[in-house]
Amino acid sequence: MVEKAILLDMEKCIACRACQVACKQWNELPAEETTFFAAAGGYQNPAELSPSTFTLIKFNEMEKEGKLWWLFRVHSCMQCVDPACVKACPVEPVKAMTYVKETGATYVNRELCIGCGSCREYCPFTIPVIDTEAEKSTKCNFCFDRLENGMEPACAKACPTDCLVFGDREQILEMAHKAVERLSAKGRHPVIYGEKELGSGTKKIYVLPEPLEYYPDLPKNPKVSEDIGLLHELLNPPSSILTGLGLVFGGVSWVANRKKIIIEESKSEKEG
Ligand code: SF4
Ligand code: SF4
Ligand code: SF4
């Protein structure tokens, strides 16, 4: 199948949050209690992705010629072409973090997920959020169930300004380069993010109207950690049974420790 992608032409974003709401609606995610917070001008809400928010409009700020500008950004799983989260998932023989070849979507199979947090740990964008009550990983699933039925992702369907456009990745990249020309002609300093990042790129292709320094939560040079295969090897040892048994116990204890750390981190984030 031809590789698909979503263009995120962020100059066209009016922060209406239709995409955020459509994502919640399609995934049947409940509302969550939110509070005003000092960062990002206080209009971004909620503050971060959570088990009930897979898509979030970020409100970044920029000062130029004595004026304050808002630079909006749709924040969610980047849907990497070569997803590290899938490699990191230790569940075998069928991964809980699943890559669907037919649609190119990466999604969490909740039936299989053990909530170990390895996908979050190794995600170069730190996207998956562990639902510590259900002990499951959560994130944007590229609306894999809509794609399987010939529909576009809910966020792209809902966007009223064509900021979000779903299509063949090659065509989306062409559109991204045209958007850069359009913005440069207006005196902006646009960048494309997602075309080449991590080598093979992502399926969310941003056109950001201003340089990356104005988007501090997007890593400049995202990388996948070199020890990514370690947990998988620990839990799925190759030949020697004795070595294998030792490694399995090591792996189980790693998972238990990771879960403990993630639950503690999540508690202190909530309290903070
Ligand atoms: S952004 Fe992270 S969670 Fe999303 S596909 Fe890439 S590695 Fe996986
Ligand atoms: S939390 Fe663990 S088991 Fe669940 S998807 Fe992530 S890596 Fe796989
Ligand atoms: S629906 Fe479109 S315009 Fe509205 S917040 Fe989302 S990306 Fe921006």
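Biologist: Quick one to start: what's the relative accessible area of Leu 198?
Modeller: Leu 198 comes out at 25%, which makes it partly exposed. On that scale buried is under 20% relative accessible area, exposed is over 50%, and partly exposed is in between, using a 1.4 Å probe and protein chains only. Keep in mind that this is a predicted model, where local features need pLDDT of at least 70, side-chain atom pairs count only at pLDDT 80 or more, and totals for chains, interfaces and linings use all residues. Residues are numbered from 1 along each chain as its sequence is written, chains are lettered from A and ligands numbered from 1 in the order in which they are written, and side-chain values use heavy atoms, with hydrogens and water left out.

Biologist: Where is Leu 198, and what's its phi?
Modeller: Leu 198 sits in the loop between β9 and β10. Its phi is near 65°, a positive value in a residue other than glycine. Helices (H or I, at least four residues) and strands (E, at least two) are DSSP runs numbered from the N terminus.

Biologist: And Glu 28, is that one buried or exposed?
Modeller: Glu 28 is exposed, with a relative accessible area of 71%. It's in the loop between α1 and β2, and it has a positive phi too, about 50°.

Biologist: Which residues are joined by cis peptide bonds?
Modeller: One cis bond joins Asn 45 and Pro 46, with omega about -5°. Pro 46 is in the loop between α1 (18–26) and β2 (56–64). Another cis bond joins Glu 92 and Pro 93, with omega about 0°, and Pro 93 belongs to the loop between α2 (84–88) and β4 (97–100).

Biologist: Switching to the sheet with β1. What's the strand order?
Modeller: It's an open sheet of 4 strands, β8-β1-β10-β9, with mixed pairing. The edges are β8 (164–168) and β9 (191–193), each pairing on one side only. Neighbouring strands in it are turned by 20° against each other on average, direction ignored. For that angle, axes are lines fitted to C-alpha atoms, for helices over the stretch in contact, and angles run from 0 to 180 degrees between N-to-C directions.

Biologist: How many bridges join β1 to β8, and how many join β1 to β10?
Modeller: β1 and β8 run antiparallel and share 5 bridges. β1 (residues 4–9) and β10 (residues 204–208) run parallel, with 4 bridges. Two strands pair if DSSP finds at least two bridges between them.

Biologist: What stands opposite Ile 6 in β8?
Modeller: Phe 166. In β10, the bridge partner of Ile 6 is Lys 204, while Leu 8 stands opposite Tyr 206.

Biologist: Why call β1 largely enclosed?
Modeller: Because 6 of its 6 residues are buried. Lys 4, Ile 6 and Leu 8 point one way, and Ala 5, Leu 7 and Asp 9 point the other. In a regular strand the side chains alternate between the two faces of the sheet.

Biologist: Ligands now. Which residues come nearest to ligand 2?
Modeller: Cys 89, Cys 113, Cys 116, Gly 117 and Cys 119, out of 14 around it. A residue is near a molecule or strand if one of its heavy atoms lies within 4 Å of it. That shell has 10 nonpolar, 4 polar and no charged residues. Ala, Val, Leu, Ile, Met, Phe, Trp, Tyr, Cys and Pro count as nonpolar, Asp, Glu, Lys and Arg as charged, and the others, Gly among them, as polar.

Biologist: Which are closest to ligand 3?
Modeller: Ligand 3 also has 14 residues around it, the closest being Cys 13, Cys 16, Arg 17, Cys 19 and Cys 159. Its shell has 12 nonpolar, 1 polar and 1 charged residues.

Biologist: Which residues are around ligand 1?
Modeller: Among them are Cys 77, Met 78, Cys 80, Cys 85, Cys 123 and Lys 139.

Biologist: What about Cys 140, buried or exposed?
Modeller: Cys 140 is buried, at 10%. It lies in the loop between β7 and α4, and its C-alpha is 8.6 Å from that of Met 78, which is 62 residues away along the chain.
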